[in-house]
Amino acid sequence: MTTQELIAQIKQKKSFLCIGLDVDLNKIPQHLLKEEDPIFAFNKAIIDATHHLCVAYKPNTAFYEAYGIKGWQSLEKTIQYLNKNYPEIYTIADAKRGDIGNTSTMYAKAFLEDLAFDSVTVAPYMGKDSVEPFLAFKNKHTIMLALTSNEGAFDFQTKEVNGRELYKEVLETSKGWKNSKNLMYVVGATKAEYFTEIRKIVPNSFLLVPGVGAQGGNLQDVCKYGLSENIGLLINSSRGIIYASKDENFAQNAALKAEELQQEMATILAQ
């Protein structure tokens, strides 16, 4: 999916909501555990109930890898279901990969070719040659960690290097990499005060913003400082939507939570 196609979908749906499909078998409704594939059954129900309210889905691969080969098969079935039934939806493999040369190429092939995700998250710590192999894939995006919402973000990301915070160096340097037009960046919603500085460096790039909802991020603040001319935001909510209920009507309750955010986004876009 191209950036322009993503923007068109955002405008059509009046939404820049991304729903995280982070499936924990201890948290899903108990009746689903009787299914042959409880993870896929859960995802399918959530997707069918919310696809008209969001523009992207983001499975965090750790929640599938934890269940071994069966979990990986559930992930594969989920992305195949999305690509077949809702091809307009943007898909993100939240895998946070990052290694040099051929290893990154193989990671990229796994998620962007074999599983056919539209994008994959990567960690930039190993630098240019760990990220450029992902950027080589046409009409695919690489979503690079920039400034995260966890407590440990302050261990390195905001430390000064040559008089400038490290996350700013990462953003600035990445702009010079081959096919950098295919880059997006992860910026945590709990760091809303940093968005102004980030937009000075990457004014038009899309930012994937986790942390709204269960982690305490504020949508209004993120949009105040983070919206760009082409919208430029994908706001992710995972637990706050998919675990809204453990009853048999869990998918409908998830849709209600998703609609609350979508309506708030529609109001912001109309301003």
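**Cysteines, core and a buried serine**

Guide: This is a predicted model. Start with S245, a landmark in the loop between α11 (239-242) and α12 (250-270). S245 is buried, with a relative accessible area of 8%. The S245 side chain reaches the backbone nitrogen of D247 at 3.0 Å. Beyond its neighbours within four places in sequence, S245 is in contact with P29, F250 and N253.

Now the cysteines. A disulfide needs two cysteine sulfur atoms within 2.5 Å. By that rule, the count is zero disulfides. Take C18: the closest cysteine sulfur belongs to C54 and lies 7.5 Å away, so the gap is too far for a bond. C18 is buried, at a relative accessible area of 0%. C223 is in no disulfide either; its nearest cysteine sulfur is that of C18, 14 Å away. C223 also counts as buried, because its relative accessibility is 6% and the cut-off for buried is under 20%.

C223 leads on to F16. Leaving aside neighbours within four places in sequence, F16 is in contact with C223, and also with I10, V55, L219, I231, L233, L234, I235, M265 and L269. F16 is among the residues with the most contacts inside the largest nonpolar core, which has 89 residues. In soluble globular proteins, nonpolar side chains tend to be buried together.

Methods:
Residues are numbered from 1 along each chain as its sequence is written. This is a predicted model: local features need pLDDT of at least 70, side-chain atom pairs count only at pLDDT 80 or more; totals for chains, interfaces and linings use all residues. Side-chain values use heavy atoms; hydrogens and water are left out. Buried means under 20% relative accessible area, exposed over 50%, partly exposed in between (1.4 Å probe, protein chains only). Helices (H or I, at least four residues) and strands (E, at least two) are DSSP runs, numbered from the N terminus. A polar contact is a pair of N or O atoms within 3.5 Å; within protein, one must be able to donate a hydrogen and the other to accept it, and residues adjacent in sequence count only if both atoms are side-chain atoms. Contact means heavy atoms within 4.5 Å. A nonpolar core is a set of buried Ala, Val, Leu, Ile, Met, Phe, Trp, Tyr and Cys residues joined through side-chain atoms within 4.5 Å.
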